[in-house]
Amino acid sequence: MSAYEHRTVLLRGGEVHSPADPFATAMVVERGHVAWVGSEGAADAFVSGVDEVLDLEGALVTPAFVDAHVHTTATGLALTGLDLSAAASLADAAERVRAYAAARPADRILIGHGWDAARWPERRPLTRAELDELTDGRPLYLTRIDVHSAVVTTALLDLVPGVRELTGFHDGQPLTGDAHHAVRAAAYAALSPQQRAEAQRAARSHAASLGIGTLHECGGPEISSEDDFTGLMDLARSEPGPRIVGYWADLDVERARALGALGAAGDLFADGSLGSHTACLHQPYADRSGAGVAHLDAAAVTAHVVACTEAGLQAGFHAIGDAAVDAVLEGVRAASEKLGLARIRSARHRVEHAEMLTPESIAAFAELGLTASVQPAFDAYWGGDEGMYADRLGVERARTLNPYAALLRAGVPLAFGSDSPVTPLDPWGTIRAAAFHRNPEHRISVRAAFTAHTRGGWRAVGRDDAGTLVPGAPADYAIWRTGELVVQAPDDRVARWSTDPRSGTPGLPDLSPGRDLPVCLRTVVFGQTVFVRPNE
């Protein structure tokens, strides 16, 4: 990275999205940091002292995006392997499985992702017998879109002794819980280090092509493996591409530290998912008996938060259902009574997903200084009165999910992500999903959503000096081809004032549904170009 980092570059002739100057058209980058932003006329003074002048030709420059919740290897495998997210029916999925298996005769194990029976006319997943026939009896691991359950072949089950006795194994149904985790471990263990590295490179390359400069990797013993996690961290240090911030979801705090994780956090499961009926609820599901699965109680949360805080690491939990969220909040509050509220707030502990919230739980997030690491595409995929959430919870409860406006009003820090491969890496689509939430009450401005997907991701890892293009900030930025810049807010009085030049509010692309999203032309991380769109 050294040769490029120390080049001084002047970008000019575009639109630079910067709070330092809402009308900036130019920027100077030096030694991996933003050195100056300003007007076209003032840029002339820098021309003779820089190594390169880049004519933006009217393009938009923004901070690079931060995706605050990613499973990098699984994302790469979905990009390069069997992806069923576009399958329109059971029969379509079956044909895709058959074709993929036939095309990969040498693979020790077949891995695929993305089936969603809730979207299929048949309303059921492929059975093990069907998969055995489609693969000619080879090992196959096929995760549901939420990655909280999977269907597998008999040959893969046979590689996991005792799996039929584990929690979450019900003959004829998708695997969940411990059975799913055991089978996933066997499936990923069958990948060669080369296959893993290829998947990680594919994911980082794809992220860079979308203007993403940082990925928060959410690994853990029930999600990936130590080799996968450390291999990814090593790859990110040795090869250009988006930064990787590692979280290791483990109650063993010292193990997380030894692996180089920023926190014993990420997908440390307090519960499961709504799609797989494993999110932990106060009241039963509307379409099935039971109220989900609790993996951690408040006492376990307290012990973990205390241990992490004392060790100087972030704690964090995966919590989706209202009962799981409340258990996490009860546990963090008890930790604050032991260590003092100021220490808990300054540690910036996190909750991933945080979908089923109440006014009381939102107030607790704000009081405890918890970051809500959320995925707006979940609402775009599964929200609305006809969506999967309404099937699982009933319309009334489903309408309360993902209340971004209430979180912002309460002062809760938001960090946006995708949970890729659960939903795709798609930063502008994520911002659109938050600004045009299926429930108008929960919508936020494009500007607030953009902040959550840039500066919010940096703040979530404890850094307040990054995620904006101001002098002194890391030079992580993306260049975009886009249409006219506007200011979009749910309240149109705000929008009208903000577009008045006197307001000094820098504009952003028009993300109205149906409009083309911006196209990334170049992505730069710490002053180093990690993506250039071909033929531009």
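Which residues line the second largest cavity? In this predicted model, the lining consists of V446, R447, V486, V487, Q488, T505, P506, G507 and L508. The report starts with the cavities and then turns to a sheet, the backbone and the cysteines.

**Cavities**

The structure holds two cavities of 30 Å³ or more. The table sets out their volumes and the classes of their lining residues.

| Cavity | Volume | Nonpolar lining residues | Polar lining residues | Charged lining residues |
|---|---|---|---|---|
| Largest cavity | about 100 Å³ | seven | five | three |

The largest cavity is lined by 15 residues. Those closest to its centre are D146, S273, I320, E355 and F378. Two helices, α15 (residues 377-382) and α16 (residues 388-393), each supply at least two residues of this lining.

**A four-stranded sheet**

In what order do the four strands of the open sheet stand? The order is β4-β3-β1-β5, and the pairing is mixed. β4 (residues 33-38) and β5 (residues 52-55) are the edge strands. Each of these two has a single partner strand, so one side of each has no neighbour in the sheet. On average, neighbouring strands of this sheet are turned by 20° against each other, direction ignored.

Strands of a sheet pair through backbone hydrogen bonds, and the pairing is either parallel or antiparallel. Strand β1 (residues 9-12) and β5 run parallel and are joined by four bridges. For L10, the bridge partner in β5 is V53.

**Backbone exceptions**

Most residues other than glycine have a negative phi, and most peptide bonds are trans.

R348 is not a glycine, yet its phi is positive, at about 55°. This residue lies in the loop between α13 (residues 341-347) and β16 (residues 350-353). Is R348 buried, partly exposed or exposed? R348 counts as partly exposed because its relative accessibility is 25%, and the buried class requires a value under 20%.

A354 also has a positive phi, about 45°, although it is not a glycine. The loop that holds A354 runs between β16 and α14 (residues 359-368). With a relative accessibility of 1%, A354 counts as buried.

The peptide bond between S420 and P421 is cis, with an omega of about 15°. P421 belongs to the loop between β18 (residues 414-416) and α19 (residues 427-435).

**Cysteines**

How many disulfides does a search of the whole structure find? The search finds zero disulfides. A disulfide needs the two sulfur atoms within 2.5 Å.

C218 is buried, with a relative accessible area of 0%. C308 likewise counts as buried, at 0% relative accessibility.

Terms used: Residues are numbered from 1 along each chain as its sequence is written. This is a predicted model: local features need pLDDT of at least 70, side-chain atom pairs count only at pLDDT 80 or more; totals for chains, interfaces and linings use all residues. Side-chain values use heavy atoms; hydrogens and water are left out. Two strands pair if DSSP finds at least two bridges between them. Axes are lines fitted to C-alpha atoms, for helices over the stretch in contact, and angles run from 0 to 180 degrees between N-to-C directions. Buried means under 20% relative accessible area, exposed over 50%, partly exposed in between (1.4 Å probe, protein chains only). On a 1 Å grid over the protein atoms alone, a cavity is a set of points where a 1.4 Å probe fits but cannot get out, and a pocket is an open set with protein on both sides within 12 Å along at least five of seven lines; lining residues have an atom within 4 Å of a point. Grid points are joined across faces, edges and corners, and a volume is the space filled by probe spheres set on the points. Ala, Val, Leu, Ile, Met, Phe, Trp, Tyr, Cys and Pro count as nonpolar, Asp, Glu, Lys and Arg as charged, and the others, Gly among them, as polar.
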